[in-house]
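Trainee: Could you take me through the reading of surface patches, burial and polar contacts?

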Amino acid sequence: MPDNVESHPETQAETQAETQPELQGSSVLSAEELRAHWMPFTGNRQFKRSPRLFASAEGVYYTTVDGRKVFDGLSGLWTCGLGHCRPEISEAVSKQIATLDYSPGFQYGHPLSFKLAHKVVELTPAGLDQVFFTDSGSETIDTALKMARGYWRSRGMPGKSKFIGRIKGYHGVNYGGIGVGGIGFNRKLFGQSVDADHIPHTVLPENDFSRGMPEKGAHLADELEELVLLHDASNIAAVVVEPMSGTSGVLPPPKGYLNRLREICDKHNILLIFDEVITGLGRMGSLPGAEEFGVTPDIMTLAKQITNGAQPLGAVVTKADIYDTFMDQGGPDYMVEFPHGYTYSAHPVACAAGLAALDVLEKEELPQRVKSMSAYFENAVHQLKGAPYVKDIRNYGFAAGVSLEHYPGEPLRRPFELGLKCFDKGFYIRWGADTVQLAPAFVVTEQQIDSFINAVGESLHELP
Ligand SMILES: Cc1ncc(COP(=O)(O)O)c(C=O)c1O
């Protein structure tokens with residue numbers, strides 16, 4: 001085993017855990033409480049030995065339970081672009097919860113969901129006219145997949161059931177999402193789900209340290225033609241991609257790439273689904289990513305930014321033709337046209353939060369702010385080029401990914417170490433695969449960007 005593996009803090013902590021098998025608890029939680037919660041996408045063993053607990057948040061900062069101020073370098077989980085605890089949203093939520101706390105979404109409704117749907121239609125590209133609400137990004141993707149298959153069945157083409165995703169694509173964690181997703185780690189414990197094949201990812205070494213959309217790689221969209229040849233368009237329901245992959249480390253689309261995908265889908269009568277759970281509402285400097293990149297999908301999924309993270313809510317936005325097909329084939333009026341929905345779909349409190357959040361986004365012209373400050377953010381992030389272990393940097397709008405050289409055979413370890421170093425300095429970033437993700441709130445100042453990037457740079461220099 002190489003020296004650097006032996007000295008790794010996680011390895012030391014494992015050894016400690018073997019000698020101290022009982023959790024010690026933290027300043028605010030007992031060992032039993034810490035054990036009870038099986039945390040999502042978390043190294044539970046490491047976390048519970050050394051919990052990182054937030055108590056409150058305001059603007060672009062969290063405060064930990066022990067009173068430390070921590071800069072939010074990922075806007076929550078890409079959710080809180082407006083900054084935390086916006087009074088406009090808190091007030092709308094408090095008022096709604098005291099007025100209509102819950103309303104059945106099946107066969108009954110409440111006005112807020114229709115108002116929010118209309119607002120989402122206004123904010124998304126022309127032609128996307130119908131909105132179906134879910135509670136999360138994962139549910140939006142699985143809903144979109146069901147819409148795509150149901151659409152082709154309703155049109156007498158049941159063979160069109162296969163999906164084409166992309167390697168490195170992330171579409172949440174439900175079975176449809178991990179099937180079209182292209183991250184092996186998220187799937188290998190659970191097995192195959194929907195019938196899906198994948199086009200290649202767009203990471204090319206010649207694009208290393210690109211700023212914005214990389215120059216090379218539009219040709220990679222042509223691989224879709226190969227999969228159409230292999231499977232035949234009569235068997236393919238939809239192509240599903242994130243316009244810019246976020247979770248795989250911020251991979252902006254190469255110039256011309258999304259347009260090529262659109263052309264090939266049109267040529268072969270295949271639906272194009274954009275998963276805009278991250279890119280959808282301002283982060284790219286436009287509303288939404290489809291507008292920024294100039295390509296309109298047939299179905300778009302939105303989630304994270306829609307309520308500014310204050311309530312769980314997702315939205316699937318579709319072309320009218322898809323909705324109309326379900327309505328036309330729906331049978332008698334007493335029949336349900338789309339047998340799908342969640343108990344909390346269009347929850348009134350989430351809709352109130354969504355309306356308030358989108359109002360702030362529009363009134364404060366925050367997508368425009370992201371666009372006008374994105375060059376500043378880009379320059380700041382690219383100053384990390386040349387820092388220890390940095391092997392690539394990619395960015396678009398207020399999103400950046402910094403990929404790090406691997407420890408031999410351990411691609412995940414160094415980003416984890418960097419994340420913990422930054423946290424010690426009072427900066428929260430996300431690590432995943434061989435990359436750390438940086439995504440400040442839309443309301444961040446230039447000075448805050450500078451101290452954030454300086455802290456990441458200092459932490460890189462302190463890595464073993
Ligand atoms: C592009 C994309 N799709 C779907 C999801 C899943 O969203 P959720 O975690 O709300 O289920 C995410 C979450 O990061 C995402 O980035």
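This is a predicted model: local features need pLDDT of at least 70, side-chain atom pairs count only at pLDDT 80 or more; totals for chains, interfaces and linings use all residues.

Trainee: Which residues gather in a patch of negative charge on the surface?

Mentor: A patch is made of residues with over 30% relative accessible area and no salt bridge, with like charges joined within 9 Å and nonpolar side chains (Val, Leu, Ile, Met, Phe, Trp, Tyr) within 5 Å. Asp and Glu count as negative, Lys and Arg as positive, and His and the chain ends are not counted; the place of a charge is taken as CG of Asp, CD of Glu, NZ of Lys or CZ of Arg. Here D129, D321, D324 and D328 form the negative patch, and helix 13 (residues 320-328) gives the most to it, with three residues. Helices (H or I, at least four residues) and strands (E, at least two) are DSSP runs, numbered from the N terminus.

Trainee: Why does D321 count as partly exposed?

Mentor: Buried means under 20% relative accessible area, exposed over 50%, and partly exposed in between (1.4 Å probe, protein chains only). D321, which lies in helix 13, counts as partly exposed because its relative accessibility is 41%.

Trainee: Which residues form the nonpolar patch?

Mentor: Accessible areas come from the Shrake-Rupley method with a 1.4 Å probe, and for residues only the protein chains shown count as cover. Y175, L189 and F190 form this patch, with about 380 Å² of accessible area together; F190 sits in the loop between helix 9 (175-180) and strand 6 (196-199).

Trainee: What is the nearest side chain of opposite charge to R283?

Mentor: A salt bridge is a side-chain nitrogen of Lys or Arg within 4 Å of a carboxyl oxygen of Asp or Glu. R283 is buried yet has none, and the nearest side chain of opposite charge, D72, is 8.0 Å away.

Trainee: Which side chain makes a polar contact with that of T64?

Mentor: A polar contact is a pair of N or O atoms within 3.5 Å; within protein, one must be able to donate a hydrogen and the other to accept it, and residues adjacent in sequence count only if both atoms are side-chain atoms. The side chain of T64 makes such a contact with that of D66 (2.4 Å), and the side chains of R283 and S75 are joined by one of 2.8 Å.

Key
Residues are numbered from 1 along each chain as its sequence is written. Side-chain values use heavy atoms; hydrogens and water are left out.
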